[in-house]
Each structure stands twice: as structure tokens, then as C-alpha cells.
Amino acid sequence: MRIGVFVCWCGSNIGGVVNVPRVAAQAAHFPYVVYSVDYKYTCSEPGQNMIANAIKEYNLNRVVVASCSPRLHESTFRSTISRAGLNPYLLEMVNIREQCSWVHANEPDQATAKAIDLVRMAVAKAARLEPLFESSIPVTKKALVIGGGIAGIQTALDIADAGHKVLLVEREPTIGGKMVMLDKTFPTLDCSACISTPKMVAVAQHPNIELLTCAEVTEVSGYIGNFTVLVKQKARYVDHSKCTGCGTCWEKCPKKVSSEFNQNMGERKAIYIPFPQAVPNKPCIDADNCRLLNGQKCGVCARVCAAQAINYEDQDAYRQVEVGAIVVATGYDLFDWAKAYGEYGYGKLVDVITGLQFERLVNASGPTDGKIMRPSDGKEPQNVVFIKCVGSRDEAKGKAYCSRACCMYTAKHAHQVLEKIPGSRVFVFYMDVRAPGKAYEEFYQRTVNEGARYIRGRVSKISRKGGKLLVKGADTLLGAQVEIEADLVVLATAMVPAQCSREFARTVGFTTDQDGFFQEAHPKLRPVETTTAGIFLAGCCQGPKDIPDTVAQAGAAAVKVCTLLAKKHIATNPMIARVNESLCQGCLLCRDVCPFKAIEMKAITGPAQGRTTQKTVAQVNNGLCQGCGSCAASCRSGAIDLQGFSNEQIESAIQTLLEK
Amino acid sequence: MKYAYFPGCCDHTSGREYDVSTRAVCRALGVELVEIPDWSCCGSTPGHSTSHMLGVALAARNLALVAEMGLDCTASCSACYQRLAMANVEMQNNQELCKKINWVTGKPYHGGVQVKSILEIIAGLRSETISAKLVRPLRNLKVAVYYGCLMVRPKEVQVDDPENPLVMDGLLDAVGAHALDWNSKTECCGASLAISNEDVVLKLTEKILADASLAGAECIATACPLCHFNLDMRQRKINQVFGSDYRLPVFYFTQLIGLAIGLTPIDLSFNTHFVDTKRVLELVG
Ligand SMILES: Cc1cc2nc3c(=O)[nH]c(=O)nc-3n(C[C@H](O)[C@H](O)[C@H](O)COP(=O)(O)OP(=O)(O)OC[C@H]3O[C@@H](n4cnc5c(N)ncnc54)[C@H](O)[C@@H]3O)c2cc1C
Ligand code: SF4
Ligand code: SF4
């Protein structure tokens with residue numbers, strides 16, 4: 001055994017606190033160490049060359065690098081030693097930056113002592129490392145995109161344009177998500193529908209994209225490159241292969257209900273398309289509201305449909321699909337403020353509306369043809385109050401986080417009121433104004449210059465006063481109470497993860513954060529990946545964001561998918577769990593603890609005490625295992641080991657510390 | 001049903017009607033109230049605004065007396081209720097404070113007593129109990145039900161939803177009255193600032209009266225002697241200062257319930273109000 005130790009200064013990041021030369025000098029005395037050295041920037045080209053040369057010169061067969069986090073440079077150093085002819089898994093990294101110099105910045109002596117101990121352990125472990133080899137698995141060249149908002153649309157188009165097949169699954173009757181509901185978009189104020197509906201059409205017409213609306217993913221199994229997905233096509237009661245989208249049915253349907261697309265500010269029929277530019281432009285029947293499906297007399301739509309496309313017997317159907325990669329783009333919902341904000345009337349004051357309702361009101365194709373009017377009496381409001389951070393940045397009643405888009409869309413709304421209603425007055429209650437994007441601050445300033453009055457403070461109460469609303473709040477800059485008689489109040493409500501997203505994450509097999517948004521693998525370095533290989537994120541399902549950020553992330557997710565689908569085979573990480581079948585008792589405790597569902601049951605026959613017997617053992621699915629090690633820790637008979645972190649390797653690291 | 005009853009100082013002075021009507025209604029509905037022997041001030045405004053310790057200690061002494069009676073405790077005044085209930089919570093959650101207070105009072109209290117407001121108790125009676133006794137339904141009498149701030153705050157002891165409480169509304173609806181949907185249910189009346197800063201009280205109380213009239217109220221119902229004092233006794237002064245002409249009778253909810261179950265206005269002390277109650281009596285018939 002010939003071990004080389006390389007201790008890095010990381011400039012002054014480590015060297016400013018830890019006595020790096022001393023660590024290297026001490027390491028030289030540890031068992032099997034034949035070479036030990038310190039260096040300013042080990043990850044640099046000369047640094048890497050130094051390692052490669054030392055391997056050859058000193059005939060090293062194990063390498064320990066004490067530096068930054070393995071998350072940052074493990075792969076760098078693996079390829080370094082592999083270039084020098086060593087198996088890349090014969091490397092052990094010690095993190096003496098985050099774990100020493102950063103956390104013990106004011107205790108250089110202790111930091112140095114700790115670094116020496118950590119290197120001692122790494123050397124002991126390295127002496128027991130074994131070469132590991134990657135294997136390869138084939139890739140199904142098709143992607144699944146779940147959620148057809150702007151995030152899903154953009155991802156699907158990008159992947160399809162790169163030449164790969166895409167299946168886009170949307171649970172509503174149309175794609176488009178929230179963006180098609182918006183009127184204009186900040187900061188350029190271009191018409192939202194004008195930039196999103198062409199993309200929706202492009203999705204419908206793209207030869208590489210298959211679109212399923214009114215559909216949901218109900219089961220996902222398999223692993224990167226080889227997922228098997230069960231998709232439920234909910235009953236639509238209209239055969240889209242026959243339907244021509246002529247529109248006679250929804251014209252004649254006698255049943256009116258309030259329209260979700262118009263945020264309940266308008267009506268639709270029981271057989272409907274959500275809005276005129278919907279994609280697909282063919283209707284479906286809302287079974288909860290259809291007269292015929294609820295046992296009443298009707299059947300009008302079937303009678304008027306020349307294409308005979310209506311089918312009242314339609315049933316939910318399931319379809320199994322094989323895909324190589326999955327992008328989740330399920331977006332957000334708005335915080336249910338009416339449940340939490342009693343001081344704003346628990347949703348009972350009809351002239352208190354949400355931002356999304358306001359978008360429908362100002363939208364030229366909305367329920368009022370773009371005329372801003374109060375829901376109570378249809379009059380044009382003169383005084384409009386906007387309240388920001390309703391449910392955002394409010395741990396007591398809502399969520400702790402900032403919803404990021406509200407400052408900007410409130411500025412947009414304020415501008416729209418001032419522009420459309422001459423003589424109107426606009427008040428915006430705010431906590432901070434956050435405008436950190438290109439041309440964002442300018443946009444906000446423009447609204448202020450147009451006359452929107454920004455008042456820093458929360459609103460404590462909204463009550464009725466005659467036909468108006470009395471908004472009471474505090475101006476914390478003036479230190480005074482303010483009361484405003486308003487005709488309309490618009491709430492900027494928090495973005496929360498889409499309905500049922502926690503269960504959905506479990507179905508697909510990845511994790512959520514404390515607020516229920518989908519967890520990225522690393523907030524900075526792997527923002528579109530999940531901890532499950534082959535599953536990627538785009539848009540607001542990962543956290544609140546605006547359209548530019550959503551589209552950027554969607555593009556990034558598409559690139560990740562293309563990178564994956566461009567390969568015939570992918571190499572698997574060999575640092576996964578391995579079962580020693582002769583020790584395994586078949587209790588399958590490991591199966592219960594595995595967060596990635598990577599352990600299956602296997603029946604084997606083998607000789608035991610001179611006879612051939614049957615027994616059950618655990619089996620690791622190499623495609624699914626992420627190498628977290630939960631199973632190894634839970635196994636009572638020590639039958640599971642994590643390669644690269646075997647019990648023997650960890651024990652020897654601990655042992656050496658105890659023997660010190 | 002038997003409770004240790006804490007009448008409180010107001011109920012012996014400015015809020016006598018509350019005490020009288022509470023006792024009368026409870027007797028009629030089968031709730032036995034046993035006055036706490038040797039009770040003392042609950043530690044309300046003057047007490048707890050002087051010193052936190054003093055506020056808790058005064059209440060804790062009363063709770064210790066209740067514990068000796070082996071009963072749960074109720075208070076009619078919402079300030080008394082709030083002080084006793086809050087002290088109860090604090091004594092249970094803060095061992096350090098509990099020890100100190102017990103040393104100060106010399107009358108150790110270690111929890112175990114439940115404190116309920118009289119509103120909760122009466123509202124908790126099964127609605128049949130009350131409707132069985134109903135002889136004079138308050139036929140659509142429009143009432144602005146006023147809870148004030150102490151009944152629904154703070155969170156640890158709140159009797160109902162702090163933004164839109166409904167217990168008292170439900171109770172009055174059950175005896176035939178019409179509880180109005182209005183805005184100032186839980187606004188502050190200025191409470192005991194009446195003594196130190198009357199201007200503030202006049203302003204706040206005027207708003208409540210204005211709101212009640214705007215909603216079409218024929219009377220106001222309260223559950224707190226301080227609210228009653230500010231709304232009833234001060235109404236004339238408000239009219240003088242603001243040039244208004246409010247003539248809104250202000251009742252304790254117990255008086256209205258009592259009326260509905262057949263007690264006489266004299267039993268319920270209607271005659272000691274400042275704003276004439278005759279109009280309401282005529283309406284009810
Ligand atoms: C009032 C308001 C105004 C705004 N104005 C602007 C603006 O002017 N400029 C700007 O940049 N941003 C604006 N935004 C932000 C913008 O709406 C979002 O950035 C954008 O819509 C995010 O797109 P998305 O695709 O991630 O999510 P979404 O638009 O929510 O799309 C998600 C889609 O996934 C579907 N879905 C959900 N769950 C499932 C499931 N389990 N299976 C299948 N499908 C599912 C949904 O039905 C939906 O179609 C505004 C937001 C609001 C609330
Ligand atoms: S009438 Fe028939 S063809 Fe026309 S839109 Fe309706 S279902 Fe389609
Ligand atoms: S290491 Fe074990 S727990 Fe972790 S994924 Fe593999 S099998 Fe599951």
C-alpha cells in the first residue's frame with residue numbers, strides 16, 4: 001500500500017486559518033503514507049499535474065486530497081488520478097475547508113488539530129479502498145414532461161427541437177398554465193397571450209411532441225434512462241379524433257357554471273373549452289356539472305354534434321409509457337388567503353380580489369372585455385388599494401418565503417389602473433419593494449412616477465363602509481395610521497406548490513422542501529436536477545419565480561434531458577449498495593428504509609448445511625440506488641455494504657482516531 | 001352544573017346589571033354559581049399595567065381559592081376572565097414564575113382549575129335548554145353584537161375566532177334576535193383609558209356607535225362592564241362632543257337572554273341604564 005497525501009491551501013480559504021504545512025508534515029508519518037505535500041491551489045492545472053506526477057514518481061496506489069468539499073471537486077480529482085493510470089475510486093477526499101477553516105475561523109490551532117485528525121481518518125480509510133467499476137445501462141430515447149404551463153411548454157419544445165420524442169401530460173383541459181391567464185407581462189408589458197399562445201400551437205403541431213390533456217401521471221417505476229410511467233387519461237366524454245372543434249355543442253349547452261379560467265369572474269358551459277385559444281381546441285364535458293351525466297334530461301350536445309363526437313359512456317383510461325427522462329413542471333397555486341386572513345374579511349367582501357382575478361379583469365379577452373369593474377356592482381373603481389405579501393413573508397398566517405413575482409406584478413397592476421381609469425387613485429401597501437431583474441427597478445419607478453402611492457406598512461383591517469371598503473393600515477415611515485376608502489382591493493397572494501404536489505412528488509419519487517416545493521439536488525450547482533437521477537425540475541414547482549426565470553430554467557432542464565438522451569448508454573455510479581447474500585436474512589428492513597425504492601425481494605436457492613434450500617434475500621436495483629447508505633445502516637446482520645463506504649472502511653477510520 | 005363565580009369589582013359598582021342578570025339567568029338555566037369566598041381584584045388594568053408580577057399574583061391568589069373549592073371557575077367580566085385565564089396559562093407554562101408567585105401570595109397554586117368565561121358556559125348549554133325556556137322571543141330585534149378586544153385575545157385564552165367571533169351572535173339568534181353583520185365587533189372601546197385619557201375613548205367609542213347605527217342596530221350587546229360603561233354611560237357625552245344623536249341602548253347579553261326566557265326587566269336591572277331601554281322593550285313586546 002502506497003498512499004499519497006495532498007493538502008490544499010485553497011488560497012487563504014484554508015491556508016488563512018489551518019496550518020497547512022503542518023497538516024502535510026504530520027500526514028507523512030501516518031501508516032502507508034509515502035508522500036505528503038501541501039499546495040496553494042490543488043485543483044488548478046499545475047496542482048493536478050503535481051498529483052499525476054507524484055503517482056508515477058512514487059508509485060502511489062491510493063490518493064488522499066484534503067481540500068474543499070467533495071461536492072465541488074471529487075470528480076475533478078477522480079479524473080486526475082484516472083489520467084495517471086489509477087482506478088478513479090481509489091481517491092479519498094477530506095473537507096478541511098467547510099469543516100475546518102470556515103467553521104473554526106477564530107480557532108486556528110483547533111482547526112489545524114481537527115484537520116490532522118480528519119486526514120488521519122481518511123488515510124486509514126484509503127488503505128482499505130478497492131477499485132470500483134462503472135457499468136452501463138441503455139437509455140429510452142423519449143422524455144416525459146409533466147405540467148403544461150410555460151415551463152412545461154418551453155421544455156417540451158426545446159427537447160423536441162433537439163430531435164427527441166416528448167410526451168407532455170397536463171391535468172387541465174388545456175395547456176398554458178397561469179401565463180395565458182395574464183394580461184400583460186412585466187417589465188416589457190407585452191401581451192401575455194401573444195407570446196404564449198403561439199408556443200401552445202407549436203406544441204400541438206410539433207411532430208416530436210405528443211400532448212395529453214385531462215391526464216395525470218399515476219405511477220412511476222424504473223430508473224434513469226428506463227422509466228415506466230402509468231398515465232391516466234381522464235374521461236372527457238368527447239372523442240377528439242372525431243371532434244372538429246366547431247363549437248356548436250358549447251353554444252347550445254344549457255348548463256352554465258362559473259369559469260375556473262376566469263377565476264370565477266365569468267361563466268362557461270358544462271361542455272367547454274376553457275378559453276377561445278385553448279390547446280387542444282376541442283371541448284370536454286365537466287361531469288360534475290353536465291345535466292345528462294347527473295341523471296337529468298339533456299343530451300343537447302350529442303344531438304347538435306355533426307361529427308358524432310360526444311360519448312357519454314367515456315371512461316378513464318390508463319396507458320403505460322416508457323421514457324428515459326422526466327421533467328416535472330407542475331407550477332404553483334395561489335395561497336388560500338380567505339381561510340387565513342380574517343382581517344381582510346375571510347373572502348366575504350366581494351370587492352376584495354386576488355391578483356389573478358385582476359389579471360382576468362384587465363384582460364381584453366376576459367369576462368369584462370378588459371374593463372376594470374368592481375364585482376359587487378360592475379362600476380368602475382376610482383380608488384384601488386393593492387396589498388402585497390398576503391401570505392408571503394408572514395410566518396404567523398402564511399408562508400415565511402418571498403413569492404418573488406408579486407412586487408413586480410403589483411407595479412404592473414398599479415400602472416394598468418392608472419392607465420385605464422382616468423382620475424383614479426392607486427395605493428400600494430408594501431413591506432419592501434424587491435425589483436432585482438433587468439429593467440425591473442426602472443419599471444417600478446415608472447409606476448411611482450405615474451402616481452401610484454406606495455405606503456410602507458401592513459393593512460390591519462378591511463371592512464365595509466356603505467358601498468365602499470374601508471382599508472385601515474399603518475404607514476410605518478410616517479409612523480401614522482392611515483385609512484383609505486377604496487372601491488376595489490387587490491391582494492398579491494403568495495405562490496404555493498400546486499395542489500397535491502407532496503403526494504405527486506412521492507408518486508414520481510423525489511423530495512419536497514419544508515414548504516412543499518420540489519427539492520433541487522443542489523441550490524446553486526444543480527438547480528434543475530432532483531436527487532433522483534433522470535428527474536428534472538422546471539418553473540414554479542421548484543419555488544416561486546417569474547416568467548423569465550421559469551423559461552430560463554425550462555431551457556436548462558431541456559439541455560439536461562438532451563444530454564441524457566443523446567447517449568446510447570449511461571454509466572452508473574458504482575458507489576451503491578451491495579448485498580452479501582450469504583449473510584442476508586431476508587428481513588427486508590432495508591427495503592422499508594430505502595427512500596428510492598431501490599431494494600427488491602429476491603428468492604434464491606443455494607446449498608446450506610449440505611442441502612439445497614430456498615431463501616429470500618434483498619436485491620439492490622443498480623439503476624435506482626443513489627448510494628445514500630440508509631440500508632447499510634439499518635441492516636442488522638451487516639449484509640449490506642455501501643461500496644466506497646463499506647463497514648470495514650468506516651470502522652478503520654474510526655479505529656485510527658480511537659487509537660491515536 | 002356548578003362553577004366558582006368571580007364577580008369582579010365592576011360587577012359590584014358600575015356593572016351591577018351584569019352581575020344581577022348573570023346570576024338571574026344562570027339560576028333560570030340551571031347553572032349554579034358559588035361566589036368565591038374572600039375573592040380579591042383580578043389584577044386587571046391598574047394591576048398588570050403596573051407590574052407583570054402583581055397582575056399574575058392577584059389572579060393566582062383567586063385561582064388558589066378556587067382550587068380549594070374543588071370547582072372550575074367562571075367570571076362574567078371579560079377583563080376578569082382574561083386575567084384569570086391568562087394567569088392560569090402562565091402559571092402552568094412557567095415553573096420559575098409559578099414558584100415566585102406562590103412565594104409572594106403565600107397561597108400556593110399549582111394549576112388544575114379551568115377558567116371559562118360566562119359567555120362560553122351559557123353558549124355551551126345545549127340549545128334545547130335555552131329554547132325550552134323561551135317565552136318571549138326577541139322577534140328580529142336587530143343587535144350589533146360587540147365582543148371588544150379581551151374576549152378574543154390573546155390566542156392562548158381566546159374564546160372565539162379573533163377576526164369574526166360568532167358565539168354571542170349564535171346565542172342571540174337562538175332566542176329570536178337578529179345578530180347583525182357589522183364591522184366593529186372586535187374593535188377596542190378604549191377600555192380603562194376612560195380615566196386617564198378620555199379623548200381617546202370618546203373617539204374610539206364614537207366609531208363603534210357610528211358603525212352600529214350604520215348597520216341598522218336597535219341595540220348593542222356586550223359581555224364586558226368596561227365596554228358597557230364606555231358605550232352606555234358615555235353616550236351622552238359623545239353626542240355633546242361630536243354633535244351626534246345616538247340613542248342606542250347597550251345591554252349585557254345576559255340581560256337579553258334573561259328577557260327572552262321570561263325574566264322581568266327589573267329582575268335584570270334594566271332600570272339602571274343611562275340610555276333609555278324602553279324602546280327596545282316596546283319592540284320586543
Ligand atoms: C397575478 C399574477 C401575475 C403575474 N404576472 C407576471 C408577469 O407579468 N410577468 C412574469 O414574468 N410573471 C408573472 N407572474 C408569474 C407567472 O405566472 C409564473 O412565473 C409562471 O406562470 C410560472 O409558470 P409554470 O409553468 O412554472 O407554472 P404554471 O403556470 O402554474 O403551470 C403549471 C401547469 O402544470 C399543470 N399541473 C399541475 N399539477 C399537475 C399534475 N400533477 N399533472 C399534470 N399537470 C399538472 C397545471 O395545470 C398548469 O397547467 C404572475 C403571477 C401572478 C400570480
Ligand atoms: S359539436 Fe362536436 S365537433 Fe363540434 S366542438 Fe362539439 S364535440 Fe367537437
Ligand atoms: S444505498 Fe440502500 S438505501 Fe440508499 S438507495 Fe441504495 S439501496 Fe436504497
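**Entry 1: cysteines**

I looked up Cys9(B) and found it partly exposed, with a relative accessible area of 42%. I then looked for a partner for Cys9(B): the closest cysteine sulfur belongs to Cys41(B) and lies 4.6 Å away, too far for a bond. I note for the record that the model is predicted.

I next searched the whole structure for disulfides, and the search returned 1 over all chains. I identified the pair as Cys191(A) and Cys194(A), with sulfur atoms 2.4 Å apart. I recorded 85° about the S-S bond, which makes the link of Cys191(A) and Cys194(A) right-handed. For Cys407(A) I found no disulfide; the nearest cysteine sulfur, in Cys389(A), is 6.1 Å away. I also looked up the accessibility of two of these cysteines: Cys191(A) is partly exposed, at a relative accessible area of 26%, whereas Cys407(A) counts as buried, at 11%.

**Entry 2: ligand shells**

I repeated the listing for ligand 3, which is surrounded by 13 residues. Here the closest are Cys594(A), Cys625(A), Gln626(A), Cys628(A) and Cys631(A). By class, I found 9 nonpolar and 4 polar residues around ligand 3, and no charged ones. In reading these classes I kept in mind that Cys counts as nonpolar.

**Entry 3: helix α14 of chain A**

I turned to helix α14 of chain A, residues 440-450, and asked which of its residues are buried. I found Tyr440(A), Phe443(A), Tyr444(A) and Thr447(A). These four cover an arc of only 95° around the axis, and therefore lie on the same side of α14(A). I recalled the general rule: an α-helix has 3.6 residues a turn, so residues three or four places apart point the same way.

I then looked at the other side of α14(A), where Glu442(A) and Asn449(A) are exposed. What do the buried residues of α14(A) pack against? I found three elements of chain A: α13 (406-420), β23 (453-456) and α16 (547-565). Finally, I checked the residue just after α14(A): Gly451(A) takes a positive phi of about 120°.

Note on methods. Residues numbered from 1 in each chain as written. Chains lettered and ligands numbered in written order. Predicted model: local features only at pLDDT ≥ 70, side-chain atom pairs only at ≥ 80, totals over all residues. Heavy atoms only, no water. Buried < 20%, exposed > 50% of the residue type's maximum accessible area, 1.4 Å probe, protein only. Helix = DSSP H or I, 4+ residues; strand = E, 2+ residues; numbered from the N terminus. Arc of directions from axis to C-beta. Contact = heavy atoms within 4.5 Å. Near = heavy atom within 4 Å. Disulfide = S-S within 2.5 Å.
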